[in-house]
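Here is a short briefing on one structure. Keep the sequence and the 3D view open as you read.

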Amino acid sequence: MSGFTQDWEPVVIRKKAPTSAAKKDEKAVNAARRSGAEIETVKKSTAGTNKAASSGTSLNTRKLDEETEVLAHERVPSELKKNIMQARLDKKMTQSQLAQLINEKPQIVQEYESGKAIPNQQIITKLERVLGVKLRGKK
């Protein structure tokens with residue numbers, strides 16, 4: 001061990017100079033006030049308000065306002081809803097019983113029979129299988 005020597009050099013760790021955000025914090029401002037330094041205050045135009053950065057109507061808002069096309073979801077066709085209802089009544093089932101057999105909520109069957117549901121091919125397939133009828137057009 002006689003050939004090894006320790007080389008101890010002092011390591012100095014310094015804090016960084018305060019950033020612009022740190023200069024604006026409450027402590028720094030109060031210290032500047034006590035020392036008599038000049039302090040500049042600037043009111044931001046939208047400070048303390050709940051307005052978006054661009055208070056005017058945005059491009060997307062204008063596009064939506066100018067949109068004239070009426071968009072609506074496809075609904076169950078009247079032919080399909082009549083077929084579902086007829087097949088269920090032929091089997092002497094209630095909407096609840098049919099819903100239980102296809103593992104769906106009774107509300108789903110109700111929506112299909114009233115024409116309010118958005119057609120889902122998986123549900124229609126389940127209905128066809130349980131009711132034993134072809135509900136969709138010829139394939």
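The model is predicted. Its largest nonpolar core has 17 residues.

**The core**
- L98, I102, Y112 and L127 touch the most other members of the largest nonpolar core.
- Four helices each supply at least two residues of this core: α4 (78–90), α5 (95–101), α6 (106–114) and α7 (121–131).
- The top contributor is α7, with 5 residues.
- In soluble globular proteins, nonpolar side chains tend to be buried together.

**L98**
- Beyond four places in sequence, L98 is in contact with R88, M93, V109, L127, V130 and L131.
- One of these partners, L127, is also among the core residues that touch the most other members.

**R88**
- R88 lies in helix α4.
- Setting aside residues up to four places away in sequence, R88 touches M93, T94, Q95, L98, E113 and L131.

**L101**
- L101 belongs to helix α5.
- With neighbours within four places in sequence left out, L101 is in contact with M93 and V130.
- L101 and V130 are 29 residues apart along the chain, and their C-alpha atoms are separated by 7.0 Å.

Notes:
Residues are numbered from 1 along each chain as its sequence is written. This is a predicted model: local features need pLDDT of at least 70, side-chain atom pairs count only at pLDDT 80 or more; totals for chains, interfaces and linings use all residues. Side-chain values use heavy atoms; hydrogens and water are left out. A nonpolar core is a set of buried Ala, Val, Leu, Ile, Met, Phe, Trp, Tyr and Cys residues joined through side-chain atoms within 4.5 Å. Buried means under 20% relative accessible area, exposed over 50%, partly exposed in between (1.4 Å probe, protein chains only). Contact means heavy atoms within 4.5 Å.
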